[in-house]
Number of protein chains: 2
Amino acid sequence: MQIKVNRQLPVPLAKQIYQAIVDRIQSELLEEGTRLPSVRALAKQIHVSFMTVVQAYDALEEDGYIIRIQGKGTFVRTKAADTTPKKELPKKESPFDWQLSVPDYLPRAQFSRYHQVSARYEFFSSTIDPGLLPNRYLEKEIQRILAEEPRILSTYSDVQGDLPLRQELTVYLRDKQIQVTPEEILITNGTQQGIDLVARTFVGPGDIVITEAPTYPAAIDVFRWRGATILPVPVDKDGMRVDMLAALCEKYKPKLIYTMPTFHNPTGTVMSIERRRQLLDIAYETQSIILEDDPWSEIYYENKPPSSLKSMDPLGHVIYLKGLSKILAPGCRIGVLVASGTIFHRLVAAKGNMDLGSPLLTQKAVLPLLYSERMRNHVKKLRIALQLRRDMMIELLAKHMPEGISWLTPRGGVNLWLSLPPHVDTEDFLMYASNYQLTFLPGAACYPIESKHHFLRLSFSFMNEPLLAEGVKELCRATAAFIEATVTYRKTPVV
Amino acid sequence: MQIKVNRQLPVPLAKQIYQAIVDRIQSELLEEGTRLPSVRALAKQIHVSFMTVVQAYDALEEDGYIIRIQGKGTFVRTKAADTTPKKELPKKESPFDWQLSVPDYLPRAQFSRYHQVSARYEFFSSTIDPGLLPNRYLEKEIQRILAEEPRILSTYSDVQGDLPLRQELTVYLRDKQIQVTPEEILITNGTQQGIDLVARTFVGPGDIVITEAPTYPAAIDVFRWRGATILPVPVDKDGMRVDMLAALCEKYKPKLIYTMPTFHNPTGTVMSIERRRQLLDIAYETQSIILEDDPWSEIYYENKPPSSLKSMDPLGHVIYLKGLSKILAPGCRIGVLVASGTIFHRLVAAKGNMDLGSPLLTQKAVLPLLYSERMRNHVKKLRIALQLRRDMMIELLAKHMPEGISWLTPRGGVNLWLSLPPHVDTEDFLMYASNYQLTFLPGAACYPIESKHHFLRLSFSFMNEPLLAEGVKELCRATAAFIEATVTYRKTPVV
C-alpha cells in the first residue's frame, strides 16, 4: 500500500492517511479482508509519527472501515465483520494468545503448585492441627486489644515491624541463647518471605547458593528465581555433610549457605555441634552468609536440640529465621528475621520495597501469647501431642508397611522421611495415591536437581489422631499395592 | 611458611599440620603476631583439603597458639592476646567490616527511607486520619467472626487469597465496570506488593518500563531493583502525555507501562478518556503490559472519574491494582490484583514463592465492610470529610503563601502538588522545614532521574482539621522564610 502525505497541506496528517485509506477501500483498490501494515511499519514507511497512524487507524476503526484482530493484525472490514460490535473482539477463544509471547523471570514455582492438591489424608502440609493451637485464647486477646486500641486497624506498622513485638521477641530469643536488640529484628510474612527477602537482596545470577539435599522445596524455587547456581550438599543423620561442603569450597566460593540445622526439613535430622562449628568456620573463611531456617526447634521429642548457629556466631555471618506462624497462628503469618550490621539494614530497605511492612493487626494478635510462661506451656503441650502422633505413626508403619520400606525417626519437627524401593518414582506414586485420597510431598520436589526419586515426606501434624491412624494404614495399603503394580509391570516381558 | 605433610604416616594430615605449626611457634621460627596463610592458600600450597586445614587451625586456636581476627587474618598469638577469651573477638569495634564487602541487588530503596521521618505536621504520608476510618465497626465485626470461627487464626489462606473475599470483590469491581470472576483476583499485602509482584515476574535487566514523571517513588525503587531501564513520560492536566509515549515507542519497545490514570500520585490529575483509549492502542500495538495503579478512584471531589483502563481492555493487557488498605483499614494491608490468562497465573505462582499467601485474619477482617451498601456510605462520608480538608488547605495556601508559589487543585485523592520558585531545592527545604516540625515528600523522590526539583507533595488526609489548618499556616511561614533565606544567600556576592 503506497500512501503519500503532503506536509504543506493544512489538513492534519492523520486525516490525510485516513482519507487515503478510505479512498482505496471505496474504490476497491483495497479489498475486504486485506491486511493493512502495522502502525509501526506504516509510520516508518511514510515518515510520520507512530501517534499519527494510531489516530488514523482509530478513526478508521470507529467508522467501521477496518478491524483489528489481536495477534493477527489490522484488516479491511468485511461485511460480515460489520455487524460485530467492537467489544466482541476475539478474547480467549483466539488460538493466538499474545500473553504467551511475554517472557517472565519465574523459572520455577513448584512448591505452591503442589500446595493446591487437597485430600482426605493430608500428609502433605507440615501445618499443625488447628485443634492443637490456642485459637480461643488468641481470640479473647484480640478482642481485648481491639476494644482497647481500635486504631490498630487504621495504623500502619513500621516497615521493620511493631516495636512491642520486637521487644518481646528479644526475651523469647534469649531463651535460645540469641542475644539481640529489637533493632536487629525484622518481622516478615512468614519464613517464606524471609527466605525471599534474603535471596532478592543478596543472591543474583550466577551466585553460588549451597543447600542441603534434600531441602525445603520453596527455598529452591526462590534461589532458582534469582538465577543462582545451586550446589546441593548431602545430609546424613548428623545433618549437612560439612566435610563435603568444605571440599566444594575448594573450587567454589559460596555467596549464601542455606541450612536447617535443627529438625531439618524434610529429614528431621539434627546437625551435630561439631559440624555447626565447622560450618561457621567455613562461612568465616569464605566470607559467605549463612541463612539459618528454624521452624521447629521448640518441637523436640527427646533431648533439647543444640544451640542455633546464630547463637554461636559473634561476627554477624548468620541470618536467622524463626517461624512463629506454624506453632502459634498460621492465620497470622508472622515470621522473624534476625541479623546485624549493614546486612540487616539492607534487608529492612528491601522489605520496604517489597510491601512497606507487615499488617499491624496480625502482629498485635500474636503478641500476648509470646509472654514467656504462657508460651512455654503452650509449646510443652504441643510437644506432647505431636510426639504421640509421631509414635503412633511409626508403630503403624512398622506394623503395616511392606518389606523394603525404611524411614528415619524424626527427633523433632513434624516430618518423616520415607524411603521406598529404588525402582519406585514417588511422583508417580502421588498420582496413584489420589485413588486412596492420600497426599504427601514427593522427594523430587526437595532436590534442586531434576531426577526421579524414591523418597517422600509425610507430615504427621495436621490430622487428628483417629484420622492419622486411618491415613497411615491407608498409606501402607496404597504403598503395597503400588509396589506390587510396578513390580508386575516391570516383570511383564516386552513383546 | 614451608610445611610438608607425609601421606604415608598413620598420623592424620590435620594433626601433622597442627604439629608442624606448633613446632615452629615453640622454636620461634614463627614469631608472635606473624600472619599465617589463609586456609584456602595453605590447603592449595600443601595439596590437602580445605577441611583438613580448617581442622588444624581449629585445634591451634582451641589450644591458644593462634588467633583469627575477622577481616584481617590468622596470627600467631601474642602473650597479650593469650588472656583474651575467644568470645571477645573483635566485633563491631573492628574497622574492618566483612559485611561491607558483600555486594547486593538493592540499588534504590528511597521511599521507605523517607518514610522514617515523623513530625508534628505530617504532610508526608498519604494515609487517612484514623478518625475517619470505621475502626469501631470493624472491631465489632472481627469479634463476631472470631467468636464464630476461631479457627481462622490457625488456618492458612489460599495463596491466591480467601475465596469469600474474592467473591465479594467481584461485586465491588462490577461497580467500576470491571467484569471478573474470583479466579482472576489475587489478594496482596497492599498495592506495594502488587507492584513488586508484577516487577519480579515480568521486569528484568534492560527491560523498558514506562512511568509517568513525576510518579510514585516506591514504584521507581522496585523497577530500579529489577534492573529496568525506566523511561519517564511527562504528565499534564490530562494525565500522561500519551503522544510523547507514542513518540518514544517509535524507538523503544516497552515491556511494561506503569500508570496511575485516576488521581495520579503525586499530581492528582486524571487521564482523559481519549488518552486512555490511545494508551490501550499503544499497548496493543507494542504488545506491552499496562500496570494500572488505582488507589483513589473512590475519592473524587467533583465528577466521578472515567472508567478504569482495565474496564476498557477486552484483551488482557492491563494488570489492575486496587488498594483497599488506605480507605478501609491500613492495619490490614489488603491490596487487590486483577489480571487474566497466563499473565495472571504466573503472578499467582510468584506470590507463592514470595510468601505463600497473605494472612487469613486480615482478609476476614475487611470482608464485612465490603458489602456494597455499607461501603458506599463509608466512602461517601470519606469524600465529604476529605473535600473539606482539601478546600480548607487550598484556601489557606491562597491566603498565606508568598508570591511565585503555585499548585494544582486535585480533583480527587489526597495529594496536592506544589511548585516553589525554580531556584528552590525542595530536598534542602525538607531539612529546613524540620525546624518548623513539618514533613512532606520532596519532588526529587518522584522522578526516576536524579536532579534538583522545586516541587513537593503535600498530603492533606492524615491530620485532623485543626492540626491541618495550623500546619498549612506553618508551612506558608516556613516557605516564605526559606525562599527569603535562599534569595539572600544567592544575593551575597562571592568574594
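This tour moves from a strand of chain A to helices, then to aromatic rings and charges.

The model is predicted, so local features need pLDDT of at least 70, side-chain atom pairs count only at pLDDT 80 or more, and totals for chains, interfaces and linings use all residues. Residues are numbered from 1 along each chain as its sequence is written, chains are lettered from A and ligands numbered from 1 in the order in which they are written, and side-chain values use heavy atoms, with hydrogens and water left out.

**Strand S10 of chain A**

Select residues 289-294 of chain A, strand S10. Helices (H or I, at least four residues) and strands (E, at least two) are DSSP runs, numbered from the N terminus. Of the 6 residues of S10(A), 6 are buried (under 20% relative accessible area, with exposed over 50% and partly exposed in between; 1.4 Å probe, protein chains only). One side carries A:Ile289, A:Leu291 and A:Asp293, the other A:Ile290, A:Glu292 and A:Asp294, and both faces are covered.

A:Thr259 has A:Glu292 as its bridge partner in S10(A). Between S9(A) and S10(A) the chain passes through helix H11 (residues 273-286) of chain A, in a right-handed β-α-β crossover (with the strands pointing away from the viewer, the path from the first strand over the helix to the second runs clockwise).

Next, show strand S11 (residues 318-323) of chain A, paired with S10(A) in the parallel sense over 5 bridges. Here A:Glu292 stands opposite A:Tyr320.

**Two helices**

Helix H14 of chain A, residues 360-370, has 11 of its 11 residues buried, among them A:Lys364 and A:Pro368. In chain B, go to helix H8 (residues 190-202). All 13 of its 13 residues are buried, so H8(B) is largely enclosed by the rest of the structure.

**Rings and charges**

The whole structure holds 15 aromatic pairs over all chains; rings of Phe, Tyr and Trp (its six-membered ring) pair if their centres lie within 6.5 Å, and planes under 30 degrees apart count as stacked, over 60 as edge-to-face and the rest as tilted. Select A:Trp417 and A:Phe455, which are stacked at 5.4 Å centre to centre with 10° between the planes. A:Trp417 lies in strand S14 (residues 415-419) of chain A and A:Phe455 in strand S17 (residues 455-459) of chain A, so the pair ties together parts 38 residues apart in sequence.

Finish with B:Arg226, which lies over the face of A:Tyr105 at 5.4 Å from the ring centre (NZ of Lys or CZ of Arg within 6 Å of the ring centre and within 35 degrees of the ring normal).

Technical notes. The expected span of a helix is 1.5 Å times one less than its number of residues. Two strands pair if DSSP finds at least two bridges between them.
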